[in-house]
Amino acid sequence: MNPASRRVQRIYLILLLGNTLAASFIWGINTLFLLDAGLTNFDAFAANAFFTAGMVIFEIPTGVVADTVGRKASYLLGTITLSVTTALYWMLWVWQSPFVWWGVVSVLLGLGFTFFSGAVEAWLVDALGSTDYTGSLEAVFGRGLVVTGIAMFAGSVLGGVIAQATNLGVPFLVRAGVLVVMFIYAFLVMKDLGFTPDHSQGPLKATRTVLTESVEHGLRRRSVRYMILSAPFASGVGIYAFYALQPYLLELYGDPSAYSIAGLAAAILSLAQIAGGVLAPRLRGLFARRTSTVILASLFSVISLVILGLNSLFWLAVILLMVWGFVFAVAEPVRQAYLNDMIPSKQRATVLSFDSLFGSLGGVFIQPALGRSADLWGYGTSLVLGGLVELVGIPIMLASRRQKDPADTRSDHAGATPAGPATPDTQ
């Protein structure tokens, strides 16, 4: 990695560090925060579903912003939006507001995250291409997972400790403050490298062009389409399980007020993420195809969730939680590299937003359904059902594998990522 590429990677890792640290202050106590505000399990996960609905609504418009205005502009809009809406979330808790306002603000939180979802990753890949980076994308994405794992560990543990020492609202205020700091940092150091917005068209025509070409290179290209269509199952279940494990661990531990134990769930996942980020490039090297790594990781995820739901021992739940987090972390950088190597630069952020949109769709429908099952039959049963739902996505990933796209066997990243011709849609 040359000095210019190293600088790009360093900025990317600092952005991930700040974003994840800010977000993770509330990850360990978010469900408890919502329940403390007077919401039921169904209401709490419905609020999370409104958040993912916001991501569904705004994914494509904000992806187009990143592809037409710039990746830096999209990131800056995301930080300021999230800072404001996080403060509003805290105010709803203080006022014990009715559910309708939680739904509204949750949608706006989703808007904030959509400014990040495709923009930061697209910025990284294009900037690496412009600085002549020839290593593997898995290695960079793996380092990103290590950094976010460290930030997640620190933030989730501190969030739980701060909540126990003060109250459940203080971590939300800390999160808003960190996001303001990240806005200032990105404003000073972030530059759109390897990408030049096309200002030759008016904003409406440019938006229409990007959307049309994104559909062509995304949904019409079968290898990309099937991988995107598999996203709702793993993502929807993953979001639910992450938040459901907070009260579930407290239930197994036997002390509903031990907020630091709730933070332990996020901390355990962060350690598993660090291990997965380190080992993902090495484990990818054991297989000829990237899809082999992703599909096997998904199978292990399903098995882990089912056993976790059937288990009644706290210490065994901690072990299973680490396994589940590890396989998720191994799959993520490989999947990211696979998708990015099939998407051209000009449409990269929008197509990645398509992927995030479909993942969010899973959260919209799966979270409240599994939350309701937790109300009726308990968290353990809901995790078993979640594992079965995630299983549905595996045949769809196999369909992507059967397309034999060159990106499936690629192991390096040389220059700007080209995209091959879209596979004709005959289905």
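I began at D341, which is buried with a relative accessible area of 3%; buried means under 20%, exposed over 50% and partly exposed in between, with a 1.4 Å probe and protein chains only. A note on the ground rules: this is a predicted model, where local features need pLDDT of at least 70, side-chain atom pairs count only at pLDDT 80 or more, and totals for chains, interfaces and linings use all residues. Residues are numbered from 1 along each chain as its sequence is written, and side-chain values use heavy atoms, with hydrogens and water left out.

**Salt bridges.** I searched the whole structure and got 6 salt bridges, each a side-chain nitrogen of Lys or Arg within 4 Å of a carboxyl oxygen of Asp or Glu. I then looked up the partner of D341: its side chain meets that of R290 at 2.9 Å, N to O. D341 lies in the loop between α14 (314-340) and α15 and R290 in helix α13, so this pair ties together parts 51 residues apart in sequence. Helices here are DSSP runs (H or I, at least four residues), numbered from the N terminus. R290 is buried too, at 0% relative accessibility.

R290 also forms a salt bridge with E138, with the closest N and O atoms 2.6 Å apart. E138 is in helix α7, so this pair joins parts 152 residues apart in sequence. Next I checked E138 with R284 and got 3.5 Å, N to O; R284 sits in helix α12, 146 residues from E138. Both E138 and R284 are buried. I noted that E138, R284, R290 and D341 are linked in a network of salt bridges.

**Helix α13 again.** I picked S301 in helix α13 and found it buried at 2% relative accessibility. Setting aside residues up to four places away in sequence, S301 touches W324, V327, F328 and E390, where contact means heavy atoms within 4.5 Å.

**The nonpolar patch.** Which helix gives the most to the nonpolar patch? I found that it is α13, with 5 residues. The patch has about 910 Å² of accessible area together, and L296, F300, W377 and L391 are among its members. Such patches take residues with over 30% relative accessible area and no salt bridge, nonpolar side chains being joined within 5 Å and like charges within 9 Å. L391, in helix α16, is partly exposed at 38%.

**The positive patch.** Last, I saw R6, R7, R10 and K191 gather in a surface patch of positive charge. K191 is exposed, with a relative accessible area of 58%.

How values were computed:
Accessible areas come from the Shrake-Rupley method with a 1.4 Å probe; for residues, only the protein chains shown count as cover. Lys and Arg count as positive and Asp and Glu as negative; His and the chain ends are not counted. The place of a charge is taken as NZ of Lys, CZ of Arg, CG of Asp or CD of Glu. Helices (H or I, at least four residues) and strands (E, at least two) are DSSP runs, numbered from the N terminus.
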